[in-house]
Amino acid sequence: MPAAAATTRRDIAHSGHARRVAVLRCLVASLVVTVLLAGLAVLIFWLVVRPKPIDYAVTRAVVRHFNVTPPPGATVNATFYLTFAARNPNRRVSILYEWVEFRVLYGESAQLALQDAPAFRQPRRNETRLDVRAVARSAPVGEQAARELRHDLAAGEVGVDVRMRARAQFKVAGVRSRHYSLEAFCSPVVVGLSPSAGRSFQSVPCDVAIS
């Protein structure tokens with residue numbers, strides 16, 4: 001009897017192990033099939049939609065009432081008039097911008113102005129131009145930045161960076177994607193201080209990141 005009981009226990013253990021192996025194989029097979037189907041869906045989507053990168057650029061920039069107080073405690077007052085072009089070259093993808101903001105920066109640390117833009121919908125194969133009025137009101141800057149800005153003022157032009165941030169969805173055939181964060185960084189945007197400087201401004205393309 002003891003030998004028969006031991007044999008029975010071994011058979012039960014072997015049967016349990018075989019069932020666990022079978023379940024594990026089924027789970028692995030299901031995971032592989034799911035990954036393959038997801039990859040196939042992405043491939044089909046890409047082949048059908050053929051998404052193209054979105055282009056952003058600053059096409060016009062003018063500054064008025066530019067003034068820098070001397071350090072210490074230096075501040076900047078100015079009004080930046082910017083035209084920002086967003087180009088959607090896609091045939092099947094429209095874009096829903098829920099909020100948009102623009103920052104005018106000087107160097108790595110000095111934020112001169114911040115301005116929101118209204119939400120908008122961008123159709124397929126469309127270029128939308130946003131006119132932005134960003135005002136710097138006693139924006140604090142460090143001593144080094146103040147000296148450089150005062151030098152720019154004397155030279156008749158100032159070089160700034162323009163950063164656009166937005167929250168958006170992409171829409172294809174009535175179906176909306178999840179929300180994405182869009183960023184465009186445009187540098188350097190060299191703005192002339194003379195009244196006629198806007199007519200000679202050269203368009204500045206932007207680096208784009210989507211996450």
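# A tour of bridges, bonds and backbone

Glu-143 is partly exposed, with a relative accessible area of 44%; here buried means under 20% relative accessible area, exposed over 50%, and partly exposed in between (1.4 Å probe, protein chains only). This is a predicted model, in which local features need pLDDT of at least 70, side-chain atom pairs count only at pLDDT 80 or more, and totals for chains, interfaces and linings use all residues. Residues are numbered from 1 along each chain as its sequence is written, and side-chain values use heavy atoms, with hydrogens and water left out.

**Salt bridges**

A salt bridge is a side-chain nitrogen of Lys or Arg within 4 Å of a carboxyl oxygen of Asp or Glu. Helices (H or I, at least four residues) and strands (E, at least two) are DSSP runs, numbered from the N terminus. Arg-147 is also partly exposed, at 44%.

The structure holds seven salt bridges. Next, select Arg-167 and Glu-98, whose closest N and O atoms are 3.3 Å apart in another salt bridge. Arg-167 is in strand 7 and Glu-98 in strand 3 (residues 93-106), so this pair ties together parts 69 residues apart in sequence.

Then select Glu-183 and Arg-163, which meet in a salt bridge at 3.1 Å, N to O. This pair links distant parts of the chain, with Glu-183 in strand 9 and Arg-163 in strand 7, 20 residues apart. Finally, show Glu-101, Arg-103 and Arg-165, which are linked in a network of salt bridges.

**The disulfide**

Which residues form the disulfide? Select Cys-186 and Cys-206, with sulfur atoms 2.0 Å apart; a disulfide is a pair of cysteine sulfur atoms within 2.5 Å. Cys-186 is in strand 9 (residues 180-192) and Cys-206 in strand 10 (residues 204-210). Both Cys-186 and Cys-206 are buried.

**The backbone**

Most residues other than glycine have a negative phi, and most peptide bonds are trans. Select Pro-71 and Pro-72 to see a cis peptide bond, with omega near -5°. Pro-72 is in the loop between strand 1 (55-68) and strand 2 (75-88). Another cis bond joins Ser-187 and Pro-188, with omega about -10°.

Now select His-65 in strand 1. His-65 has a positive phi of about 55° and is exposed, at 65% relative accessible area. End at Ala-173, where phi is near 50°. Ala-173 is in the loop between strand 7 (157-172) and strand 8 (175-176).
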